[in-house]
Amino acid sequence: MRLADEVASWSKDPKGGVGAVLVDDRKRVIGVGFNGFPDRIPDNPALLADQEAKLPRMIHAEMNAVLNAVAPVHGSTMFTTLAPCAECAKLLIQAGVIAVYRRPHPEHRHKSWTESFRIAEVILGEAGVEVGTVAPKPGSGD
């Protein structure tokens, strides 16, 4: 999880970075990702500050970790600093991720995503993906 926290710090999102790390069955890192714009779209501060402009452009950390993977993802485990949304959950299931571990997050911080997080947990469970939480990072106040 410390690596996922570090990767999250690479995001330019002013509302907060999300980091994701994929590891294989031997705990070797095979992919990392953070929330950000696609390649060739500049991290324009005006776009990043405008929710309506930012959200359709943003690639989530989980998706970037799968896209950046240097080895097959099937059978891997993901560590992420935030619960996956429903769209990312479907991607993880289809890619063959078998477990997702995340930090607990305060409910007040991500209210607009609460329903998507709930749906994601349901469909991950339906697909037999193990879902768990990891203790908050020290000093985070979470």
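User: Which residues point one way from β1, and which the other way?

Analyst: Good place to start! In a regular strand the side chains alternate between the two faces of the sheet. Here Gly 19, Val 21 and Val 23 point one way from β1, while Ala 20 and Leu 22 point the other way, and all are buried. Buried means under 20% relative accessible area, exposed over 50%, and partly exposed in between (1.4 Å probe, protein chains only). Because five of the five residues of β1 are buried, β1 is largely enclosed by the rest of the structure. A note on the model: it is predicted, so local features need pLDDT of at least 70 and side-chain atom pairs count only at pLDDT 80 or more, while totals for chains, interfaces and linings use all residues. Residues are numbered from 1 along each chain as its sequence is written, and side-chain values use heavy atoms, with hydrogens and water left out.

User: How many helices and strands are there in the chain?

Analyst: Helices (H or I, at least four residues) and strands (E, at least two) are DSSP runs, numbered from the N terminus. This chain has six helices and five strands, running α-β-β-α-α-α-β-α-β-α-β from the N terminus on.

User: What order do the strands of the sheet have?

Analyst: Strands of a sheet pair through backbone hydrogen bonds, either parallel or antiparallel. Two strands count as paired if DSSP finds at least two bridges between them. In this model, five strands make an open sheet with the order β2-β1-β3-β4-β5 and mixed pairing. At the edges stand β2 (29–34) and β5 (130–133), each with a single partner strand, so one side of each is left without a neighbour in the sheet.

User: Which residues touch the most other members of the largest nonpolar core?

Analyst: In soluble globular proteins, nonpolar side chains tend to be buried together. A nonpolar core is a set of buried Ala, Val, Leu, Ile, Met, Phe, Trp, Tyr and Cys residues joined through side-chain atoms within 4.5 Å. The largest has 20 residues, and Leu 22, Met 78, Leu 92, Val 97 and Val 100 touch the most other members. The elements giving two or more residues to this core are β1 (19–23), α4 (61–67), α5 (86–95) and α6 (114–126). Of these, α6 gives the most, with four residues. A second, separate core of six residues includes Ala 4, Val 7, Val 21 and Phe 79.

User: What does Val 100 touch?

Analyst: Contact means heavy atoms within 4.5 Å. Not counting residues up to four places away in sequence, Val 100 touches Met 78, Thr 80, Pro 84, Leu 92, Val 129, Glu 130, Val 131 and Gly 132.
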